[in-house]
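Thank you for making time for this one. Please have the sequence and the model open as I speak.

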Amino acid sequence: MNKYIVSVICGCLFFVNGFSQNKNIEELLNEIEQNNTELKGYQSFIESQQLENRSNNNLPDPQLSGFYLPFGDNETGDYTEYQLSQSFEFPTVYVARGKWNESKSQQLAAAYANKRLEVLLKAKNTLLELAFLQKRKAIETERKTQSRQVFEQIQKLFDAEQVGILDLNKAKIAWIQEQFVVEQIESDIQILLSKLKTLNGGNVIDGATSGIALPIEVGTVDNLWQEKLAKDPLLQELKANETSSLQKIKLEKNKVLPNVALGYNYQGVSGSNYSGFYGGVSIPLWSSKNKVKAAEANFEYQQSNTQVVTTSLYTQFQETYNRYELMLEKFNEYQATMGNLNSEQLLFKAYMLGEYSFMDYYVELQFYRNASDKMLQMEKELQLLQAQLLKHQL
């Protein structure tokens, strides 16, 4: 059997073992995670939001006010008054807002985790595409060499007037087509490397080769879904939204309590003055109106949204899982069938020995190549489907 067909089949058997001896796919993804500009920017955004949330739970600034009334008809002298006061919400409000801020921090953390998975899944898919293009390049390079050898043989036969110009032109066209395929693959590889460089914060990705293999199973659909429910950041973000909206209800209920102000007051005229403590409370008639109801309505929405999004995600997950299982079954059947086929190498040797005419050789060759290309394409699609199914494990 042809060496390149054997390599394609063997490359489809086991777990992902990496892109090179120096860097496996996990190491490459870790490098991208550390360097990705979008993730760095999002981390800065999260830090700013957390600081802003904490600042919203600070006490208001102290107030110093005063009166000096030197004008008017009076017998007691100029009147002076000043007051230093500190106002604050009811103490339980700060406790409730602190817990609300903690829940908002959990929302931000879940949102970052979800953004991280989006970036890493995009990077992983790009790495998978790159690995298969590199594998295709090796295959097509060998095909190009064979096409050149066939053309050179046909040229000799043509020079010896043993074949016609049509066979010579067909052989040359076949060689030109293979050259173009290799050049197109090299161009596509450069495009993917450019995308990876962007994902890696402008740093070149080193160590990405075609040494990648395919896992046989991803687990049962129920076990995989339960794992996804526990780990998927999008689902965790939905839960964090519910928790935050519930804590918002508690905060708004506490804000119905009156605000308090305490301070020191001095007032008096020459030879006669008074000083002492100042205190006051607000009468919460208007500021909290309908805010509790609004918070409760938002909590109901978050609960409903969690159910809707979870159901939609499960439908997508089930569809992807079914596609993966069907593709894997067909791939295994295809692989078993390919194992019983004659190889391109044997066909090439038969042609070189004169057992096939050029047209017979070319027709048979296309059959084997199409079959091999189909299996390689199925392998790539299986890898991409698996990456989507196991996205939560990144």
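When I say contact or touch, I mean heavy atoms within 4.5 Å. Helices (H or I, at least four residues) and strands (E, at least two) are DSSP runs, numbered from the N terminus. Buried means under 20% relative accessible area, exposed means over 50%, and partly exposed is what falls in between, with a 1.4 Å probe and protein chains only. Please keep in mind that this is a predicted model, in which local features need pLDDT of at least 70 and side-chain atom pairs count only at pLDDT 80 or more, while totals for chains, interfaces and linings use all residues. Residues are numbered from 1 along each chain as its sequence is written, and side-chain values use heavy atoms, with hydrogens and water left out.

Let me begin with helix α6, residues 221-231, whose buried residues are Val221, Leu224, Trp225 and Lys228. Looking down the axis of α6, these buried residues fall within an arc of 100°, so they line one face of the helix; the arc is that of the directions from the helix axis to the C-beta atoms. The face turned away from the buried side of α6 carries Asp222, Asn223 and Ala230, which are exposed. And what covers the buried residues of α6? The cover includes α7, residues 233-254, α8, residues 291-338, and α10.

Leaving aside residues up to four places away in sequence, asparagine 241 touches Gln107 and Gln302. Serine 245 also lies in α7, and it is buried, with a relative accessible area of 3%. With the same exclusion of residues up to four places away, serine 245 touches Ala295, Asn298, Phe299 and Gln302. The C-alpha atoms of serine 245 and serine 103 are separated by 8.7 Å, although these two residues are 142 residues apart along the chain.

Now to the charged side chains. The structure holds 16 salt bridges, a salt bridge being a side-chain nitrogen of Lys or Arg within 4 Å of a carboxyl oxygen of Asp or Glu. In one of them, arginine 116 meets glutamate 33 at 2.8 Å, N to O. Arginine 116 lies in helix α4, residues 91-159, and glutamate 33 in helix α2, residues 25-35, so this pair ties together parts that are 83 residues apart in sequence. Both arginine 116 and glutamate 33 are buried.

A second salt bridge joins lysine 135 to glutamate 379, with the closest N and O atoms 3.3 Å apart. Lysine 135 is in α4 and glutamate 379 in helix α10, residues 358-389, so here the parts tied together are 244 residues apart in sequence. Lysine 135 is buried, with a relative accessible area of 11%, and glutamate 379 counts as buried at 0% relative accessibility.

Because glutamate 178 lies in helix α5, residues 165-199, and arginine 369 in α10, the pair ties together parts that are 191 residues apart in sequence. Glutamate 178 and arginine 369 are both buried. There is also a network of salt bridges that links Arg136, Glu140, Arg143 and Asp373.

That brings me to the strands, where two strands pair if DSSP finds at least two bridges between them. On to the next pair: β2 and β3 are antiparallel over 9 bridges, with glutamate 81 opposite glutamine 267 in β3.

Finally, tyrosine 264 has its place in strand β3, residues 260-269, and is partly exposed, with a relative accessible area of 35%.
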